[in-house]
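Open the model in your viewer and keep the selection tool at hand. The stops below say what to pick and what is there.

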Amino acid sequence: METHDVKVLAIDDNEDNLTTLKAIARDVLPAWRVVTASNGSRGMELARTEDPDVILLDIVMPGEDGFEVCRQLQADARLRSIPVVFLTALRTGRDSRIKALEAGAQGFLSKPFDEIELVAQIRAMAKVKAANRLERLKKEQLTALVAERTRELEQELAERKQAEESLRESEVKYRNLSESLSALVYRAD
């Protein structure tokens with residue numbers, strides 16, 4: 001995946017922050033698409049339907065905070081490959097950064113953020129998502145290959161069992177025939 005064609009999901013309860021992120025994307029890389037959500041539940045919904053390359057997530061939001069949203073993203077098998085970068089102004093300390101990483105985030109930026117650093121983070125995370133997607137595709141291909149080979153081996157085993165059963169039946173017939181033939185042997189001098 002080229003990082004010039006990136007879909008970003010920004011989850012933040014502050015409309016001004018979302019507008020700023022859209023403006024940065026429009027000015028810096030117009031091919032980027034920014035989808036926004038003003039709360040965690042809407043963000044989860046958009047993550048499922050939009051399959052973004054990166055999620056920018058605020059910490060302090062009404063209802064579920066960013067940490068909880070991040071944990072939900074990591075708990076969902078379809079969404080856990082999407083990199084999450086926390087982008088926050090209020091909880092910027094060491095404890096928040098550690099908590100963000102423990103919740104499953106791959107990055108953390110404090111507001112006001114440096115525009116160049118933000119773009120670099122998004123590009124790096126888009127590459128991570130592309131690598132995750134490739135790994136998942138290879139894993140699915142390998143799983144399909146193993147399943148196909150397993151079916152082939154099961155079929156081969158069933159054929160061998162059938163051949164063994166046929167061989168046993170033939171041995172029984174031969175033994176019965178040879179036993180009955182020994183009574184019919186005539187010897188003449």
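**Stop one: the sheet**

Select strand β4 (residues 84–88) and β5: four bridges join these strands, which run parallel. Strands here are DSSP E runs of at least two residues, helices are H or I runs of at least four, and both are numbered from the N terminus. Two strands pair if DSSP finds at least two bridges between them. Now pick T88, which stands opposite S110 in β5.

This is a predicted model, where local features need pLDDT of at least 70 and side-chain atom pairs count only at pLDDT 80 or more, while totals for chains, interfaces and linings use all residues. Residues are numbered from 1 along each chain as its sequence is written, and side-chain values use heavy atoms, with hydrogens and water left out.

Five strands form it in the order β2-β1-β3-β4-β5, with parallel pairing. β2 (33–37) and β5 (107–110) stand at the edges, each with a single partner strand, so one side of each has no neighbour in the sheet. From one strand to the next, the twist averages 20 degrees.

Angles run from 0 to 180 degrees between N-to-C directions; axes are lines fitted to C-alpha atoms, for helices over the stretch in contact.

**Stop three: α2 and α3**

Show α3 next. α2 and α3 pack at an angle of about 25 degrees, with their axes 10 Å apart. They are therefore roughly parallel to each other (angles under 35 degrees). Select G40, M44 and A47 of α2, then V69, Q72 and L73 of α3: these make the contact (heavy atoms within 4.5 Å).

**Stop four: α3 and α4**

Which helix packs against α3 with axes 8 Å apart? Helix α4 (residues 94–103) does, at an angle of about 20 degrees to α3 (residues 66–75). That makes α3 roughly parallel to α4. Select F67, C70, R71 and Q74 in α3; they meet S96, K99, A100 and A103 in α4.

**Stop five: an aromatic pair**

A search of the whole structure finds two aromatic pairs. Rings of Phe, Tyr and Trp (its six-membered ring) pair if their centres lie within 6.5 Å; planes under 30 degrees apart count as stacked, over 60 as edge-to-face and the rest as tilted. F67 is in helix α3 and F86 in strand β4, 19 residues apart.

Notes. Angles under 35 degrees count as roughly parallel, over 145 as roughly antiparallel, 65 to 115 as roughly perpendicular and the rest as oblique.
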